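This briefing goes through one protein model, topic by topic. Look at the sequence and the structure first, then read on.

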Amino acid sequence: MLNILGGECYKVRKEKTFYVCLASVVILVGLLYFTLLMVDEIKNQMPAEGANGIYVYHEGEELGEGPYIQQVGIMGVLQQMLNGHFTGFIMAVFASIFVIKEYTGGAVKNIVGKGYPRASVFLSKLLVTQLAAMAILGVTFVCCILAGGLFMGKEGFESMNWTQTASYMGMQMVISMPVTGTAVLVGEFTRSLAAGISISAGIIIFSTSLLAGADTLLSHLSIKPSLYWPLSLQMECPVSGMEQEFVIRGILVSLAWLFFVTFLGALHFQKADIT
């Protein structure tokens with residue numbers, strides 16, 4: 001299995017899609033900070049707050065004193081990237097392309113044809129894809145921090161609680177594992193770039209809204225399916241004041257989904273024909 005892992009790691013290093021995804025993260029972070037700067041610029045050119053009935057709002061409340069970018073802060077940008085599924089979407093696209101290209105290019109067929117156990121082949125692919133996804137997540141964090149220092153100076157760093165930041169990033173990493181695993185599972189089942197990317201993107205974009213609707217429909221039964229869906233947990237993950245109940249539920253739900261998608265993917269890979 002170590003030989004397979006080494007080969008998969010080499011493929012990631014040579015995979016152009018991986019670097020495109022990393023560049024996409026950098027660009028998105030830059031765009032978010034640029035948008036905040038534009039809001040400040042527009043605010044500075046506006047009449048005095050309240051003049052002519054004009055107000056600037058943030059989440060339904062009037063903005064406080066000081067630049068808007070300072071009010072949002074580095075953690076606000078990081079939370080938008082992760083809770084808003086921007087990074088999750090990029091990770092899912094990479095996982096889909098990385099897995100499915102192996103089928104369309106015939107690489108999987110060649111590896112299995114050499115006598116390697118199918119379970120080892122699938123698990124190696126899943127593990128390396130997870131590591132690549134964690135790298136994308138790490139680049140998101142580093143870019144948000146560095147860009148925050150560039151745009152906000154030392155005030156941006158001083159406003160951060162590094163203990164809470166570490167807890168938040170740790171939780172996001174745990175929750176991201178089943179999200180990436182789901183994209184790998186979709187790729188394994190579809191083995192088509194168009195279908196794999198479309199379905200994975202659809203899950204990222206629409207699943208939380210659909211489950212929110214399910215929560216409403218089942219509210220009279222006191223059942224909330226969204227409590228046990230990784231993407232909903234990712235969206236609701238708090239930056240500060242993370243309660244023990246959320247941490248325990250997040251870890252258990254993430255591990256349960258990761259085990260489920262791994263088992264289902266390995267089972268399908270073991271039984272399905274490879275063409």
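Serine 222 counts as exposed because its relative accessibility is 68%, where exposed means over 50% relative accessible area, buried under 20% and partly exposed in between, with a 1.4 Å probe and protein chains only. This is a predicted model, in which local features need pLDDT of at least 70, side-chain atom pairs count only at pLDDT 80 or more, and totals for chains, interfaces and linings use all residues. Residues are numbered from 1 along each chain as its sequence is written, and side-chain values use heavy atoms, with hydrogens and water left out.

**Overall make-up**

- The protein chain has 11 helices and two strands; helices (H or I, at least four residues) and strands (E, at least two) are DSSP runs, numbered from the N terminus.
- Read from the N terminus, the order of elements is α-α-β-β-α-α-α-α-α-α-α-α-α.
- The C-alpha trace of the protein chain spans about 75 × 50 × 35 Å along its principal axes.
- The protein chain has 275 residues, and 44% of them count as buried.
- Among contacts in the protein chain between residues at least 6 apart in sequence, 81% join residues at least 24 apart; contact means heavy atoms within 4.5 Å.

**Loop residues with positive phi**

- Most residues other than glycine have a negative phi.
- Serine 222 is not a glycine, yet its phi is positive, about 55°.
- Serine 222 sits in the loop between H9 and helix H10 (230-236).
- Arginine 191 is another residue other than glycine with a positive phi, near 55°.
- Arginine 191 belongs to the loop between helix H8 (162-190) and H9.
- With a relative accessibility of 18%, arginine 191 counts as buried.

**Salt bridges**

- How many salt bridges does the structure hold? There are seven, a salt bridge being a side-chain nitrogen of Lys or Arg within 4 Å of a carboxyl oxygen of Asp or Glu.
- One of them joins the side chains of lysine 11 and glutamate 102, at 2.6 Å from N to O.
- Lysine 11 lies in helix H1 (residues 2-14) and glutamate 102 in helix H4 (residues 86-104), so this pair ties together parts that are 91 residues apart in sequence.
- Lysine 11 is partly exposed at 23% relative accessibility, whereas glutamate 102 is buried at 10%.
- Glu8, Lys11, Glu102 and Lys125 are linked in a network of salt bridges.
- Arginine 191 and glutamate 188 also meet through their side chains in a salt bridge (2.7 Å, N to O), and both residues are buried.
- Arginine 249 forms a salt bridge with glutamate 245, and their closest N and O atoms are 2.8 Å apart.
- Arginine 249 and glutamate 245 are four residues apart in helix H11 (residues 244-271), so about one helical turn separates them.
- Arginine 249 is buried at 14% relative accessibility, while glutamate 245 is partly exposed at 44%.

**Cysteines**

- A disulfide is a covalent bond between the sulfur atoms of two cysteines.
- A search of the whole structure finds zero disulfides, a disulfide being counted when a pair of cysteine sulfur atoms lies within 2.5 Å.
- For cysteine 21, the closest cysteine sulfur is that of cysteine 143, 13 Å away, which is too far for a bond.
- Cysteine 21 is buried, with a relative accessible area of 6%.
- Cysteine 237 is in no disulfide either, its nearest cysteine sulfur being that of cysteine 144, 14 Å away.
- Cysteine 237 counts as buried at 1% relative accessibility.

**Packing of H6 and H11**

- Helix H6 (residues 118-152) packs against H11 at an angle of about 140°, and their axes are 9 Å apart. Axes are lines fitted to C-alpha atoms, for helices over the stretch in contact, and angles run from 0 to 180 degrees between N-to-C directions.
- H6 and H11 are therefore oblique to each other: angles under 35 degrees count as roughly parallel, over 145 as roughly antiparallel, 65 to 115 as roughly perpendicular and the rest as oblique.
- Residues making the contact include Phe122 and Leu126 of H6 and Leu258 and Phe269 of H11.

**Threonine 208**

- Threonine 208 is placed in helix H9 (residues 193-217) and is buried at 8% relative accessibility.
- Apart from neighbours within four places in sequence, threonine 208 is in contact with His85, Leu231, Ser232 and Met235.
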